[in-house]
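Subject: Structure handover

Hello,

Please find below the structure I am passing on to you.

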Amino acid sequence: MRAAARPDLAAVWRRTWALAQEHGQDPSEVLAVERLSHLSGVEPGRVPRVVAGTAVEAPLERRVHQRFLRLRATRRDKHGREWPLAAIADEFGAPGASLGPLNAGTGLPRMGHAAGVQRFFGVHAGFLLADSKSAVERALALSATTVPDGRDDLERLSYLTGMTPQAIRLTLDGRPPRLPLKEQVHLRFEHLRRTRVREDGQPHSLAAIARSFDASGQSLTRLARGEGLPNLAAAAGIQRFYGVEGGFLLADDTEALSSALALIEGELESAVRDRQNPMLAVLWAHDVRSIVTRAGRLSPQGRKSLADHLDDLLAREGQLGVPGTKGGAPTEGAAAEGETP
């Protein structure tokens with residue numbers, strides 16, 4: 001969806017507010033500014049302005065730096081301490097010093113490093129890259145209480161994710177294909193060029209894509225050939241050109257499919273709310289069965305180790321003490337009960 005075609009966030013806010021009331025939830029908790037900030041990475045003070053459409057977008061380098069600092073500040077370890085740069089970088093086999101420029105705000109990380117940071121903290125693949133509007137849009141979608149309806153539509157899911165129907169089937173079965181990042185980004189880029197064509201049915205040229213972010217078509221040649229990764233600025237520009245979310249090129253198959261299902265779920269809940277979505281049910285059932293089956297084979301000591309590891313993961317993903325979860329008390333939002341922006 002191109003930026004100009006994105007929904008009015010104030011209208012989404014109002015619909016979510018009404019939906020929360022309809023399902024017996026406190027809208028001021030569901031739409032608490034701190035909660036939306038936690039989900040989106042947008043500074044709490046900017047959230048109301050983004051919803052209202054009055055926020056000025058920060059440059060990419062500053063935005064990525066601020067999102068990284070927010071991850072470290074809000075996703076602490078189980079002892080309440082910030083994760084050291086060395087521990088984060090170890091996720092993708094790099095030295096902690098490689099994250100120094102990102103931490104200091106003096107440079108953008110390499111694409112593989114950005115993917116590793118997001119994987120470490122358990123946030124979606126567009127967390128560091130997404131512009132404020134799409135970040136808050138995603139957070140609002142995640143905050144909505146939905147009772148979805150739908151059917152298995154592999155072609156549509158393929159269009160939304162850049163995955164083949166075969167890869168979607170494997171992912172739903174809990175066996176997602178694992179591709180090297182370079183190959184995955186190349187395939188997603190080619191999928192965009194093949195499925196989002198010009199009015200005359202031809203793919204957009206590399207030059208036209210690159211011009212949208214003040215670069216030359218030659219800068220995308222290696223990506224088109226599958227010989228290299230784009231830098232973060234080019235990746236953000238490609239995704240913005242095609243109107244896909246900030247993590248389209250980076251998301252692994254499981255996350256790409258989950259995002260597509262969430263999008264479909266959000267569309268369906270506004271039209272039909274009284275039936276279950278079989279795609280989401282299958283995905284959830286596979287995840288739960290797989291975890292429970294394997295955990296059942298552990299010794300008592302192994303189960304304790306698993307519980308400790310889950311605490312670490314919950315802390316890393318910000319689910320210990322987060323508003324809207326069992327681990328934390330709700331945070332008061334910017335809007336008073338019964339009000340909308």
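How much space lies in the second largest pocket? About 220 Å³. Please keep in mind while reading that this is a predicted model.

The pocket and its surroundings

The lining of the second largest pocket consists of 14 residues. Gly162, Met163, Thr164, Leu179 and Leu187 are the ones that lie nearest its centre. Helix 12, which spans residues 181-195, gives the most to this lining, with six residues. Sorted by class, the lining of the second largest pocket holds five nonpolar, five polar and four charged residues.

Helix 11

Helix 11 covers residues 165-172, and its buried residues are Ala167, Ile168, Thr171 and Leu172. These four residues sit on the same side of helix 11, because they cover an arc of only 135° around the axis. As background, an α-helix has 3.6 residues a turn, so residues three or four places apart point the same way. Helix 11 is followed by Gly174, which has a positive phi, near 80°.

The cavity

The count of cavities of 30 Å³ or more comes to one. The volume of the largest cavity is about 80 Å³. Its lining is made up of Gly41, Val42, Glu43, Arg46, Glu57, Ala58, Arg63, Gln66, Arg67 and Ser132. Which helix gives the most to the lining of the largest cavity? Helix 5 does, with three residues. By class, the lining of the largest cavity divides into five charged, three polar and two nonpolar residues.

Pro59

Pro59 is found in the loop between helix 4 (47-52) and helix 5. With a relative accessible area of 52%, Pro59 is exposed, since the cut-off for exposed is over 50%. Pro59 and Asp131 are 72 residues apart along the chain, and their C-alpha atoms are separated by 9.4 Å.

Salt bridges

The model has six salt bridges in total. One of them joins Glu34 and Arg70, with the closest N and O atoms 3.5 Å apart. Glu34 belongs to helix 3 (residues 33-40) and Arg70 to helix 5 (residues 60-74), so this pair ties together parts that are 36 residues apart in sequence. Are the two partners buried or exposed, or something in between? Glu34 has a relative accessibility of 33% and counts as partly exposed, whereas Arg70, at 12%, counts as buried. The cut-off behind that second label is under 20%.

Another salt bridge is formed by Glu82 and Arg76, where the closest N and O atoms are 4.0 Å apart. Glu82 is partly exposed at 35% relative accessibility, and Arg76 is partly exposed as well, with a relative accessible area of 32%. Salt bridges that share partners bring Arg72, Arg76 and Glu82 together in one network.

A further salt bridge links the side chains of Arg198 and Asp200, at 2.7 Å from N to O. Arg198 is partly exposed, its relative accessible area being 36%.

Regards

Terms used. Residues numbered from 1 in each chain as written. Predicted model: local features only at pLDDT ≥ 70, side-chain atom pairs only at ≥ 80, totals over all residues. Heavy atoms only, no water. Helix = DSSP H or I, 4+ residues; strand = E, 2+ residues; numbered from the N terminus. Buried < 20%, exposed > 50% of the residue type's maximum accessible area, 1.4 Å probe, protein only. Arc of directions from axis to C-beta. 1 Å grid on protein atoms, 1.4 Å probe; cavity = no way out; pocket = protein on both sides within 12 Å on 5 of 7 lines; lining within 4 Å. Points joined across faces, edges and corners; volume = space filled by probe spheres on them. Nonpolar A, V, L, I, M, F, W, Y, C, P; charged D, E, K, R; others polar.
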